[in-house]
Amino acid sequence: MKSPPDGRFPPRLAAGGWAPLLAQSRGGFESLWVPGVVSLRAGSSGHAGPESSYDRSDYVQGFTTRKKATENGRCITKLENMGFRVGQGLIERFTKDTARFKDELDIMKFICKDFWTTVFKKQIDNLRTNHQGIYVLQDNKFRLLTQMSAGKQYLEHASKYLAFTCGLIRGGLSNLGIKSIVTAEVSSMPACKFQVMIQKL
Amino acid sequence: MEWFLVTSAAVILFLQNYPLYIRSVPTENELKFHYMVHTSLDVVDEKISAMGKALVDQRELYLGLLYPTEDYKVYGYVTNSKVKFVMVVDSSNTALRDNEIRSMFRKLHNSYTDVMCNPFYNPGDRIQSRAFDGMVTSMMIQVC
C-alpha cells in the first residue's frame, strides 16, 4: 500500500498512515526532551549509550506499570464495591420466600446453591470449611472466565473478572448479618476458588 | 429496622433496632405507638433466638402476635436480613385475622425489597420512597 503524502492522513488510511507518524514523533520526543541520552550516545564509547537508554526505558516502564497498578487496584476496589451493593440487593430478593436460616453453614449452603444457580446458572462444585470461620468455595467452570483461553496465558487479567463476584458474596453475607473478607484465587483458567473469611465480632 | 402502622394501626421497620420507617394513623398519638413498638422489640429478639433451635417448618419469617394490650395488638415479622417489621392494630378490629396480617407483612416485605434494590437507596438509611409510602397508605386505608 502506498503511504499517503505528508501532512494528509485521512482517517480511512489510518492503518497505513499512522505508523510512520508515530515513529516520527517518538524520535522527535526523544531528542527534544532527553538531550542527555542523545549526547551520551553520541559522545562516549560503545556500551554507555545503550545502557543508559536502557535504564531510562526501564524507569519509564517501572513508572507506567506502577501507575497502571494503582489504577488497576482502584478499578478493582470500585468493582468490588459495586458487587457489594448488588449482592445486598440480590440477597434481599432471593431470601424473601425462604425459611429463616439455622446457622452460618446454612447460609453458606444457600449461597453455594440457590444464589449461585440464580446468578451463574450452576452450583458451586465444592464447599469446604475448617469450622473456624473459613469457607472455600470452588467453582470448576466459573462463568465469567469461560470465555477466556484456558491455561495460564491471561492469568493476570483474571482479577478484574473476579472482583465483582467477590463483592457479590461479601455483600450477600453482610446483608444476612455476617461480616466477611472474600478473596479469589485462580490457578488455571476456568476454575477458581473463593475464600470467605468470617469476621467474628 | 422498624415499621409501624396504626389506626388505629401503625407500621414500623427496624434494622438493628434503629428505625428505618415509621408511619402511624392517627398522627396525634404517635408517641404512644413508638413506645409500644420499641417495647415489642425485646419480644421479637426473644422469639428469634428461640427459633434458631426450632424445626424447619417453624422457622417462618412471620412471628405472629407479639403481645396484646388492652386496645391494641402488636404483630412482628423478621426478614432473613434481620430487618424487623412491627405492626400495631386496633384490637377492636376483628376483621383482621392472622392470615390477613401475614399477607400484609408479605406485601410490606415485597415493597421493602424493591426499596433495597433501588441503587439510589443506601442500606440503613431512612426509607423515603414514594412507592413505599403509597403501599403503606393503601394498606392503612384498607385496615382502618
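Modeller: Helices and strands here are DSSP runs, helices of at least four residues and strands of at least two, numbered from the N terminus. The model is a predicted one.

Colleague: Where in chain A does K121(A) lie?

Modeller: K121(A) has a positive phi of about 60 degrees, although it is not a glycine. Most residues other than glycine have a negative phi. With a relative accessible area of 65%, K121(A) is exposed, and its place in chain A is the loop between α4 (104-120) and β1 (126-129).

Colleague: Is H131(A) buried or exposed?

Modeller: H131(A) is found in the loop between β1 and β2 (134-139) of chain A. The threshold for an exposed residue is over 50% relative accessible area. Because its relative accessibility is 68%, H131(A) counts as exposed.

Colleague: Which pattern of helices and strands does chain B follow along the sequence?

Modeller: Chain B contains three helices and six strands. Read along the sequence, they give the pattern β-β-β-α-β-β-β-α-α.

Colleague: What percentage of the residues in chain B is buried?

Modeller: The accessible surface of chain B is about 7,100 Å², and carbon and sulfur atoms account for 52% of that surface. A residue counts as buried under 20% relative accessible area. Of the 144 residues in chain B, the buried share is 49%.

Colleague: How much area is buried between chain B and chain A?

Modeller: In terms of residues, 23 of chain B are in contact with 16 of chain A. The size of an interface is often given as the accessible area lost when the parts come together. Carbon and sulfur atoms give 44% of the area buried between the two chains, which is about 1,800 Å².

Colleague: Which residue of chain B forms a salt bridge with D97(A)?

Modeller: The rule finds two salt bridges across the interface of chain B and chain A. The cut-off is 4 Å between a side-chain nitrogen of Lys or Arg and a carboxyl oxygen of Asp or Glu. For D97(A), the closest N and O atoms are 2.4 Å apart, and the partner is R106(B).

Colleague: Which helix gives the largest share of the side of chain B that touches chain A?

Modeller: Across this interface, 11 residue pairs are in polar contact. The side of chain B that touches chain A divides into 10 nonpolar, eight polar and five charged residues. The largest share of that side, seven residues, comes from residues 98-116 of chain B, helix α2.

Notes:
Residues numbered from 1 in each chain as written. Chains lettered and ligands numbered in written order. Predicted model: local features only at pLDDT ≥ 70, side-chain atom pairs only at ≥ 80, totals over all residues. Heavy atoms only, no water. Buried < 20%, exposed > 50% of the residue type's maximum accessible area, 1.4 Å probe, protein only. Areas by Shrake-Rupley, 256 points an atom, 1.4 Å probe, with all protein chains shown as cover. Contact = heavy atoms within 4.5 Å. Buried area = accessible area lost by both parts, 1.4 Å probe. Polar contact = N/O pair within 3.5 Å; in protein donor to acceptor, adjacent residues only side chain to side chain. Nonpolar A, V, L, I, M, F, W, Y, C, P; charged D, E, K, R; others polar.
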